[in-house]
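Subject: Structure for you to look at

Dear colleague,

I am handing over the structure below, together with some notes on what was found in it. Please read them with the structure open beside you.

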Amino acid sequence: MESKEPTQEKMIDAVKKYYGLTIDENAYQSADIYAYEETTSDGYSVYVVTHNMNNVCISEDVYYYDSDIPSAIMEMISYSNGHCTLYADQYFLDDIYFDDTLLEEFSEIAEKIYDEITNDDEADYGFDMAEILWLKEEFTESEEINQTVS
């Protein structure tokens, strides 16, 4: 069987499943993480990433540059212990290229996902056998070969 790289959509879905991430723009008062754009009184845009919308800490939760937002969101998600609801508008996530961040995270956790798939019969990330073989080749065997050669 020949290996096949999964689609970007499948990789993004795998990251969401791994972290138990749900993105819900209607979870206004029930999310674990809130990410949104706000406007200052003099018309500047700032970005908020917080656990509590009722208690935003200016020095910790508010960002001036949108380029810092994806990593801030991902950091909070990574500490979520397997279940996380993110309140964010899809247009906002598109503007900050959040899917790119999820794809980067996939390469960081792909070996763990592969281990889950091979060791847990109930782990279902939606990959077919060719895609699982690709995971194995890209994220497990190649590292072993590189360590042997070095």
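How are H1 and H5 oriented to each other? Please keep in mind, while looking for the answer, that this is a predicted model. The axes of helix H1, residues 8-19, and helix H5, residues 98-119, come within 8 Å and cross at roughly 70°; since angles of 65 to 115 degrees count as roughly perpendicular, H1 and H5 are therefore roughly perpendicular to each other. The crossing of these two helices, H1 and H5, is left-handed.

On the H1 side of this contact are Gln8, Met11, Ile12, Ala14, Val15, Lys16, Tyr18 and Tyr19, and they meet residues of H5 including Leu102, Leu103, Phe106, Ile109 and Ile113. Taken by kind, the residues of the contact of H1 with H5 comprise 11 nonpolar, 1 polar and 5 charged.

Turning to the strands, an open sheet is formed by 5 strands in the order S1-S5-S2-S3-S4, with mixed pairing. Strand S1 (21-23) and strand S4 (62-63) stand at the edges, and each has a single partner strand, so one side of each is left without a neighbour in the sheet. S1 runs parallel to strand S5 (residues 84-87), to which 3 bridges join it, and Thr22 stands opposite Thr85 in S5.

Finally, helix H3, residues 69-78, lies across S1, strand S2 (33-39), strand S3 (45-50), S4 and S5, and runs at about 10° to S3.

Terms used
Residues are numbered from 1 along each chain as its sequence is written. This is a predicted model: local features need pLDDT of at least 70, side-chain atom pairs count only at pLDDT 80 or more; totals for chains, interfaces and linings use all residues. Side-chain values use heavy atoms; hydrogens and water are left out. Axes are lines fitted to C-alpha atoms, for helices over the stretch in contact, and angles run from 0 to 180 degrees between N-to-C directions. Helices (H or I, at least four residues) and strands (E, at least two) are DSSP runs, numbered from the N terminus. Angles under 35 degrees count as roughly parallel, over 145 as roughly antiparallel, 65 to 115 as roughly perpendicular and the rest as oblique. A crossing is left-handed if the near helix is turned anticlockwise from the far one by less than a right angle, and right-handed if clockwise. Contact means heavy atoms within 4.5 Å. Ala, Val, Leu, Ile, Met, Phe, Trp, Tyr, Cys and Pro count as nonpolar, Asp, Glu, Lys and Arg as charged, and the others, Gly among them, as polar. Two strands pair if DSSP finds at least two bridges between them.
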